[in-house]
Amino acid sequence: MNDIIALAVFQSNYPLPKINSRVINLSIKNIRKLAHVEYSSLIKRRKARTINLGGVPIGGDAPVVVQSMTNTDTRDVEATSAQINALDEAGCEIVRIAVPDNDAVQAIPEIKKRIHLPLVADIHFHYQLAVDAIKQGVDGIRINPGNIDKEKIREIVKTAKERRTVIRIGVNAGSLQKDLAREYGGPTAEALVVSALRNIKIFEDEGFDLIKLSLKSSDVPTMIEAYRLIAAKTDYPLHLGVTEAGTLVDAAIKSALGIGTLLYEGIGDTIRVSVTGNPVTEIPLAYSILRALKIRMVGPEIVSCPTCGRCQIDLLALTQKIENALIGRKDYLKVALMGCVVNGPGEAADADIGIAGGHGFGMLFKKGKATKKIAEKNFVPVLLEEINSMLKGKKEV
Ligand code: SF4
């Protein structure tokens with residue numbers, strides 16, 4: 001009742017359709033709540049065996065883990081550590097570095113000293129770099145079986161076994177073994193799966209099972225099909241990603257479709273959204289996919305309307321300021337930023353906190369209750385103060 005009274009006060013300054021919008025919004029809210037319950041219960045997660053990578057559990061019932069990869073020169077310890085710490089602050093949970101030569105291997109211990117995230121070394125072509133990276137103390141390595149000789153892979157596995165280092169077998173459509181490319185007429189989903197299975201056999205022959213798999217392609221349908229096929233054939237944890245996904249918009253769309261489709265089918269234990277550019281931008285995209293599917297309710301979820309001719313506040317500026325201020329927060333909180341009272345109160349009432357805009361002012365909603373009218377110039381400080389006090393002690397749900 002309080003919020004209806006508040007809404008009436010609010011609307012006295014805002015001549016729009018009154019009670020109908022409220023009634024409609026309440027109905028939509030109830031339908032949405034019902035849909036949420038059914039939607040979440042539709043996801044039945046594939047049971048992968050659990051492995052531990054530098055203290056982070058992967059597979060089984062562990063949360064789907066968000067990963068990224070640095071794009072600094074690994075030999076530059078300062079720059080690489082700084083980027084890893086920026087990724088950590090943004091919410092990244094495992095980080096990979098390229099290790100292209102011996103100088104990069106030598107940088108590993110110093111980088112490890114300066115960071116807190118589990119560290120994975122990405123190795124191509126040179127098995128000795130993989131062996132040495134393991135000896136320098138990385139938590140995991142990623143090798144591409146398409147470009148390392150089978151006998152050399154055995155050497156890597158032997159060293160990883162001694163040190164209990166996780167290995168990701170990272171099959172990539174761009175570097176599929178030639179015989180498979182010939183046999184399957186290119187990097188098809190089936191060819192990627194056969195490549196992964198071949199390598200699993202080498203690892204298992206050595207008695208090694210600290211394995212994670214990825215079968216990446218820049219072609220979304222191929223990637224989806226490859227993961228579906230491998231998910232039915234093994235119980236090793238799967239790292240999902242659409243490779244070479246492009247800049248922000250394309251990367252977000254391709255990853256949401258590729259990673260999102262698989263997660264919705266219960267497939268996937270770690271994910272990476274690959275973006276050309278600063279890898280820190282990958283992290284909010286990854287969490288956005290997880291939140292959209294109700295897989296991990298982590299980080300602030302901002303609901304904002306597209307605005308229309310009814311909006312009389314600068315909603316874009318408000319949304320960007322609030323988004324920027326909340327980057328890196330892992331606590332879940334739903335914030336509704338709405339341009340007007342048509343959908344504003346309904347969305348705001350469904351959120352932990354929200355604002356429905358008016359003409360130079362807005363109504364602040366908390367936990368479904370309209371609390372006070374605030375002037376537009378005070379939107380950001382008031383919202384941030386309220387959000388910070390709500391987030392105190394709040395955890396991922
Ligand atoms: Fe327009 Fe936003 Fe109001 Fe919807 S909530 S009517 S999009 S201003």
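This is a predicted model: local features need pLDDT of at least 70, side-chain atom pairs count only at pLDDT 80 or more; totals for chains, interfaces and linings use all residues.

Residues are numbered from 1 along each chain as its sequence is written.

There is an open sheet of eight strands in the order β8-β7-β6-β5-β4-β3-β10-β9, with parallel pairing, where strands are DSSP runs of E with at least two residues, numbered from the N terminus, and two strands pair if DSSP finds at least two bridges between them. The edge strands, β8 (211-216) and β9, each pair on one side only. Within the sheet, β3 (residues 65-69) and β4 (residues 94-98) pair in the parallel sense over three bridges, and methionine 69 has arginine 96 of β4 as its bridge partner.

Turning to the helix, a DSSP run of H or I with at least four residues, α10 covers residues 248-264 and reaches 22 Å from its first C-alpha to its last, close to the 24 Å expected at 1.5 Å a residue, that expectation being 1.5 Å times one less than the number of residues. Among its buried residues are Ala251, Lys254, Ser255 and Leu262, buried meaning that 20 or more other C-beta atoms, placed from the backbone, lie within 10 Å of the residue's own. Glycine 266, with a positive phi near 90°, follows α10.

Finally, Cys305, Cys308, Cys311, Gly339 and Cys340 come nearest of the twelve residues around the ligand, a residue being near if its C-beta atom, placed from the backbone, lies within 6 Å.

Note on methods. A residue is buried if 20 or more other C-beta atoms lie within 10 Å of its own, exposed if 12 or fewer, and partly exposed in between; C-beta atoms are placed from the backbone.
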